[in-house]
Amino acid sequence: MEGLPMSSENWRTATHLLHDAPNRTEFGETSEALFLTSGFVYDSAEQAAATFTGDVEHFQYSRFGNPTVDTLQERLALLEGAEACVATATGMGAVSSALLAHVSAGERVVASRALFGSCYWIVTALLPRYGIETELVDGDDYEGWKKALSRPAAAVLIESPSNPMLDVLDIARIADLAHKAGALLMVDNVFASPIGQSPLKLGADVVLYSCTKHIDGQGRVLGGAVLGRKKWITETLQPFTRNTGNALSPFNAWVLLKGLETLQLRVEAMARNAAAVADALAELPGVLKVRYPGRADHPQHELAKKQMSNGGSLIAFEVVNGRAGAFACLNAFSLIAISNNLGDARSLATHPATTTHMRVSEEERARLGITDGVIRFSVGLEDPADLIEDVTRGAKAAQAAAA
């Protein structure tokens, strides 16, 4: 691109992650300023009154807006290709606010059956309490999607890849059906991250993140984000989050800004590690099956190649001897930590049936393929050879366990 001026329009992703929305103060700091303040002062009573009516742009309270949080929201929106963003206290705050702000009693929500445990609870237990009809559809059952969306709906919620079995859903196809039903398609993109997949380009209306995962990527803070069209964000979502108090702290926003600076480097390296480890796992005695979108034996591998820029950093694998085998495998790890978090620079593994999906019924877990032998593995930045040694040790321990 020789001869082009230095302009953000010419930048690539890694540059955007460092330089978008600098919002520097008059002091010219290199690192984003951290505004640890609950409120703001006004030059006059008139300015305060005009701020509350919206006639003057001025920060009034950090629950409503904060310079550090605004910088994060602007940078995330530019990264995602969204018109606007609202940062929330947690990832589940993002999911719950997006749904509750948009859907009213008497309306319908259609969701993919494969959801994170807390998302599953919101759809199946919380929303019906408020008179909202909900329906679950198997992710790859497109006749089922067609039937469910043959009558009006307000929202469609999906995860792709799904937690924990890494089902890949056809976002464009579901978006088309959702829009014909009058629904907004909301995509939880946390497993793929903004680096690995762009749901808005595939037809989604709203993208949801737990920023706790890859965006922080170092196990430090909680945070969430909702991204979409400016009109919906400002007229539907913001009144809900501002008045219910689902606000991200300025300190957490500042930490997440630091995480964004290395997001592409980390996610791409973690995906390379995951691909190598998944191939090794598939050859180990004691491992019954491996699910990784980057492998040719994944049931939606071709779709994953179409939608995603890499296979992601998550692997689901099943060991022999059920729960006893899975526990023995986890307990034999010396490098991989047992934790229900994911997207961290350090490798983490958990047993979904007794942690993240413990409140999903046994029958529903069986339908989703979450057997007692399944382990969800979030691959980190360690040397892949060391990780392969660790999972080999775990697989041997699973073999030796008494079922």
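A residue counts as buried when its relative accessible area is under 20%. By this cut-off, in the predicted model, Val206, Leu208 and Ser210 of strand E6 are buried and point one way, while Val207 and Tyr209 are buried and point the other way. Five of the five residues of E6 (residues 206-210) are buried, so the strand is largely enclosed by the rest of the structure.

E6 pairs with two strands. Strand E5 (residues 184-188) runs parallel to E6 and is joined to it by three bridges. Here Met186 has Val206 as its bridge partner. Strand E7 (residues 224-228) runs antiparallel to E6, with four bridges between them. Tyr209 is partnered there by Ala225.

E6 also contributes to a pocket. The second largest pocket holds about 400 Å³ of space. Its lining comprises 24 residues, and Met92, Phe116, Asn163, Ser210 and Lys213 are the closest to its centre. Helix H4 (91-102), helix H5 (117-129) and E6 each give two or more residues to this lining. By class, the lining has 10 nonpolar, 10 polar and four charged residues. Domain 1 (12-259) and domain 2 (265-400) each supply at least three of the lining residues.

The largest pocket has a volume of about 970 Å³. It is lined by 33 residues, of which Phe64, Gly65, Asp70, Gln238 and Arg242 are the closest to its centre. Helix H9 (230-244) is among the elements that supply at least two lining residues. Its share, seven residues, is the largest. The lining divides into 14 nonpolar, 12 polar and seven charged residues.

Notes:
Residues are numbered from 1 along each chain as its sequence is written. This is a predicted model: local features need pLDDT of at least 70, side-chain atom pairs count only at pLDDT 80 or more; totals for chains, interfaces and linings use all residues. Side-chain values use heavy atoms; hydrogens and water are left out. Buried means under 20% relative accessible area, exposed over 50%, partly exposed in between (1.4 Å probe, protein chains only). Two strands pair if DSSP finds at least two bridges between them. On a 1 Å grid over the protein atoms alone, a cavity is a set of points where a 1.4 Å probe fits but cannot get out, and a pocket is an open set with protein on both sides within 12 Å along at least five of seven lines; lining residues have an atom within 4 Å of a point. Grid points are joined across faces, edges and corners, and a volume is the space filled by probe spheres set on the points. Ala, Val, Leu, Ile, Met, Phe, Trp, Tyr, Cys and Pro count as nonpolar, Asp, Glu, Lys and Arg as charged, and the others, Gly among them, as polar. Domain bounds come from an automatic or database domain assignment.
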